[in-house]
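Thanks for coming. I have one structure to go through today, and I will keep it short.

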Amino acid sequence: MTIITQDLVRKRAEHNDGILATLEEVSLHQLNIEKIELLGHTCKHLRILYLQSNLIARLENLHKLKELEYLNMAVNNLTKIQNLQRCESLQKLDLTVNFLDKAGLLSVQSLQHNDHLAELYLLGNPCAEWHGYRSFVVGSLPQLRKLDGQQIPPSEGIAARQMLPGLLQQLRQELLAEGIDPDKAAQVEDDSLTSDDIAETGYQDESGEMRRPWCPATRILEHRESQAQEAEAASRRKAQQQSYCNPDDMKTQLREDFPVIQEGEDMRQKNEGKWEFTLQDSACGAAVELDVEIGRYMDTSLVKADVQPLFVRLLIKGRLLQLRLPCEVRPDSSKAERSAATGHLLLTMPKEDVCGAASNPAYTRPSASLPARDRPSVLPTKIQPISRMSKAGSGNTRIAQEIPKKATTMCVVVDDDNEDFLPEL
């Protein structure tokens with residue numbers, strides 16, 4: 001037995017990119033489905049529904065499909081027509097090769113409320129063998145224009161309506177002779193009369209909190225509220241993910257060049273790429289070092305640098321990193337190096353006045369410091385020198401071509417046994 005689920009409907013939907021809320025057509029034929037469910041809640045805009053060649057024994061849960069125009073239920077196990085009274089837009093109904101007998105023929109009158117129904121197919125059902133079958137159906141449903149693929153001319157409709165009382169009387173007598181109650185056979189269900197709404201069982205106390213007694217209705221109400229909250233949270237997450245992954249939004253945030261700084265404009269710190277970095281004095285105290293983690297596999301041609309006496313700017317893959325320097329530096333003597341092992345970018349900017357005022361700690365971002373005994377030994381790291389920074393006021397420099405110099409090796413030796421040991425500067 002196959003159960004109708006959202007995943008199944010998405011899989012069998014040929015259009016609409018798997019979106020169920022606005023789905024208009026779905027084919028669920030030849031799946032051995034035994035019960036109609038879910039469709040009235042998740043696909044309320046269905047216009048065409050194929051359910052032929054299944055094992056469905058009862059028409060149900062379709063009353064919310066107000067836009068349904070064509071329903072194909074051929075080759076199923078139906079014995080009665082019911083629960084279609086609220087399918088207001090239904091125009092074509094195919095019930096070919098089911099099990100509607102003479103008693104089931106009385107349920108045809110339940111379709112009198114479907115004003116737009118123009119085509120009905122009942123071939124292959126036992127009721128089609130009754131001698132007054134066609135006249136009974138045409139007389140019971142004056143809105144029909146075609147029955148079993150044959151047009152109904154106005155003259156036939158008029159004659160069928162005149163014959164209907166006599167045919168109905170004859171049919172009831174035949175059913176009574178067979179031991180079948182015609183009144184019970186004519187009874188049909190209407191799902192729309194069975195409300196899914198459950199009245200609120202609780203009340204709000206003085207603090208505004210909802211108080212509910214423990215009962216079946218409370219369980220259902222709380223379950224529905226939980227489902228609604230989960231659906232709302234999933235919708236927010238999806239919208240947030242789409243905003244992150246929308247290429248148009250990302251494109252608008254990328255910069256092609258450094259923004260122009262107007263005279264007297266306040267320099268603001270910016271880190272649009274959320275790069276991890278450290279900004280601190282060098283070990284000897286003669287320079288300011290900016291170490292940026294830009295990734296090992298990022299091409300150097302995607303990096304631009306601009307060093308000015310009081311600030312430094314990096315444009316990394318279109319994202320701006322703009323920092324105030326803790327002291328004045330010499331742009332013409334600055335240099336950049338890129339680690340071949342980690343991809344870190346190290347900018348070394350000599351101070352303008354080494355013996356002058358100390359660096360402003362408000363504009364530094366030192367790395368996490370550890371005691372000497374806990375600090376790990378520094379392993380040799382290959383550093384590749386990169387092109388020199390721009391001079392003060394000379395504009396931007398693209399870090400693109402690496403200087404063909406032999407890679408140097410830096411190594412700091414730490415004496416872990418001597419707590420008073422200080423490395424040479």
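Predicted model: local features only at pLDDT ≥ 70, side-chain atom pairs only at ≥ 80, totals over all residues.

Residues are numbered from 1 along each chain as its sequence is written, and side-chain values use heavy atoms, with hydrogens and water left out.

Start with the largest nonpolar core, which has 55 residues. By nonpolar core I mean buried Ala, Val, Leu, Ile, Met, Phe, Trp, Tyr and Cys residues joined through side-chain atoms within 4.5 Å. Buried is under 20% relative accessible area, exposed is over 50%, and partly exposed is in between, with a 1.4 Å probe and protein chains only. Leu-49, Leu-71, Leu-84 and Val-137 have the most contacts inside this core. At least two core residues come from each of helix 1 (6–12), helix 3 (102–105), helix 4 (133–140) and helix 5 (154–177). Helices here are DSSP runs of H or I, at least four residues, and strands are runs of E, at least two, numbered from the N terminus. Helix 5 gives the most, five residues. Another core, of 23 residues, lies apart from it and includes Ile-294 and Cys-327.

Now the helix pair. How do the axes of helix 4 and helix 5 cross? They come within 7 Å and cross at roughly 110°; axes are lines fitted to C-alpha atoms, for helices over the stretch in contact, with angles from 0 to 180 degrees between N-to-C directions. Helix 4 is therefore roughly perpendicular to helix 5, a class that spans 65 to 115 degrees.

Is helix 4 enclosed or open? Six of its eight residues are buried, so helix 4 is largely enclosed by the rest of the structure. Those six are Tyr-133, Phe-136, Val-137, Val-138, Gly-139 and Ser-140. Their cover includes helix 3, strand 5 (119–121), strand 6 (146–147) and helix 5.

Last, Glu-200, in the loop between helix 6 (182–186) and strand 8 (203–204). Glu-200 counts as partly exposed because its relative accessibility is 41%. Leaving out residues up to four places away in sequence, Glu-200 touches Met-210, Arg-212 and Leu-221. Arg-212 is twelve residues from Glu-200 along the chain, and their C-alpha atoms are separated by 8.6 Å.

Conventions. Parallel < 35°, antiparallel > 145°, perpendicular 65-115°, else oblique. Contact = heavy atoms within 4.5 Å.
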